[in-house]
Amino acid sequence: FQRMRDGLARSSRELTGNIAGVFTKRKLDEETLQDLEDVLIRADLGMETALRVTDALAASRYGKDVSDTEVRAIMAAEVEKVLSHVAMPLELDLSHKPHVILVVGVNGTGKTTTIGKLAAKLTDGGLSVMLAAGDTFRAAAIEQLKIWGERTKSPVIASKLGADAAGLAYDAFEKAKEAGSDVLIIDTAGRLQNKTELMAELEKIVRVLGKLDPEAPHTVLQTVDATTGQNALNQVEIFRNVAGVNGLVMTKLDGTARGGILVAIAAKHKLPVYFIGVGEQVDDLEPFSASEFARAIAG
Ligand code: GDP
């Protein structure tokens with residue numbers, strides 16, 4: 001978890017510095033609680049979690065002297081509670097052959113990279129994986145996926161630039177069934193600039209996959225860039241509505257992550273967070289641990 005800790009170091013330093021600032025006066029009263037709430041909201045944790053922390057603190061320490069260390073311990077405990085409901089491993093139902101994972105998210109949030117890392121994990125675990133280059137708009141995305149396919153020895157189904165993404169997804173699903181693949185992972189486009197078109201495309205992909213297996217796609221995974229800040233909440237809202245997202249991967253937690261947003265997303269959307277991305281390399285995909293994350297952010 002070292003890379004996540006390093007990545008969160010800056011937002012954690014800022015947050016803990018601000019908490020220390022609030023508690024120079026030390027006594028816990030309305031004013032210090034209000035100031036603490038502001039600090040937590042500025043750190044992107046969201047209103048719900050901010051209130052949980054201040055309520056928990058007030059319940060045990062109101063009117064008493066309190067140190068920033070105590071405040072941080074209570075914050076870590078509350079953050080961990082929020083996150084413990086969403087930290088869970090990705091489970092594949094291999095009675096479906098293949099288990100279809102549709103990967104969605106705004107361009108640049110790490111879809112293709114996450115697919116590569118995930119394919120590596122699965123193939124290392126002895127599963128056969130097929131990849132589908134459903135972002136038919138960007139030549140670079142198709143090329144990148146092919147490279148990941150070579151590295152993980154997973155066949156890649158791709159079409160010409162600009163081809164119909166739903167048609168490609170359907171084709172890939174048929175091929176994966178024929179080949180007896182355990183898992184099919186489908187990349188998609190994420191052009192939020194043209195929302196109507198994107199929605200129509202994602203809806204169509206989901207619909208045509210359902211023709212071959214009413215339960216497909218079995219997992220709809222959204223990548224969320226942890227450096228995005230508040231806008232990430234809206235991104236999840238949008239893709240959840242359009243594509244039925246049922247799990248998240250939080251990427252770039254190694255960078256200048258505003259880690260608090262993960263907590264706000266967990267509190268609001270309550271979607272499982274299966275993995276976190278902590279770098280650009282193949283091994284930089286880790287299971288999400290509520291306690292480790294809470295400790296990293298609370299400093
Ligand atoms: P896509 O457009 O959603 O498919 O995003 P890409 O997979 O192409 O990723 C966009 C950029 O983010 C690339 O330069 C990736 O190497 C980088 N990236 C993806 N995941 C991570 C991560 O967890 N950490 C860091 N530091 N960079 C990442």
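In this predicted model, a polar backbone atom of G108 lies 2.7 Å from an oxygen atom of the ligand; a polar contact is a pair of N or O atoms within 3.5 Å, where within protein one must be able to donate a hydrogen and the other to accept it, and residues adjacent in sequence count only if both atoms are side-chain atoms. The side chain of T112 also takes part, with a polar atom 2.7 Å from an oxygen atom of the ligand. A polar backbone atom of G279 is 3.2 Å from a nitrogen atom of the ligand. On its own the ligand has 580 Å² of accessible area, of which the protein covers 80%; such areas come from the Shrake-Rupley method with a 1.4 Å probe, and for residues only the protein chains shown count as cover. The ligand is surrounded by 17 residues, and the closest are G108, T112, T113, D254 and E280; a residue is near a molecule or strand if one of its heavy atoms lies within 4 Å of it.

Residues are numbered from 1 along each chain as its sequence is written. Because the model is predicted, local features need pLDDT of at least 70 and side-chain atom pairs count only at pLDDT 80 or more, while totals for chains, interfaces and linings use all residues, and side-chain values use heavy atoms, with hydrogens and water left out.

Helices (H or I, at least four residues) and strands (E, at least two) are DSSP runs numbered from the N terminus.

| Site | Torsion |
|---|---|
| K97 to P98, cis peptide bond | omega about 5° |
| A216 to P217, cis peptide bond | omega near -5° |
| K153, not a glycine | positive phi of about 55° |
| K270, not a glycine | positive phi of about 55° |

P98 is placed in the loop between α4 (68–84) and β1 (99–104). P217 belongs to the loop between α8 (195–212) and β5 (219–225). K153 is found in the loop between α6 (139–151) and β3 (156–157), and K153 is exposed because its relative accessibility is 74%; buried means under 20% relative accessible area, exposed over 50%, and partly exposed in between (1.4 Å probe, protein chains only). K270 sits in the loop between α10 (260–269) and β7 (273–277); with a relative accessible area of 56%, K270 is exposed.

Helix α3 (residues 47–61) contains L57, which is buried at 0% relative accessibility. Beyond its neighbours within four places in sequence, L57 is in contact with F23, L28, L33, L36, Y62, V66, V71 and I74; contact means heavy atoms within 4.5 Å. The C-alpha atom of L57 is 55 Å from that of G167, a residue 110 positions away along the chain.

E292 lies in helix α11 (residues 290–298) and is buried, with a relative accessible area of 15%. Its side chain makes a polar contact of 3.1 Å with the side chain of R5. Leaving aside neighbours within four places in sequence, E292 is in contact with F1, M4 and R5.

I41 belongs to helix α2 (residues 30–42) and is partly exposed, with a relative accessible area of 33%.
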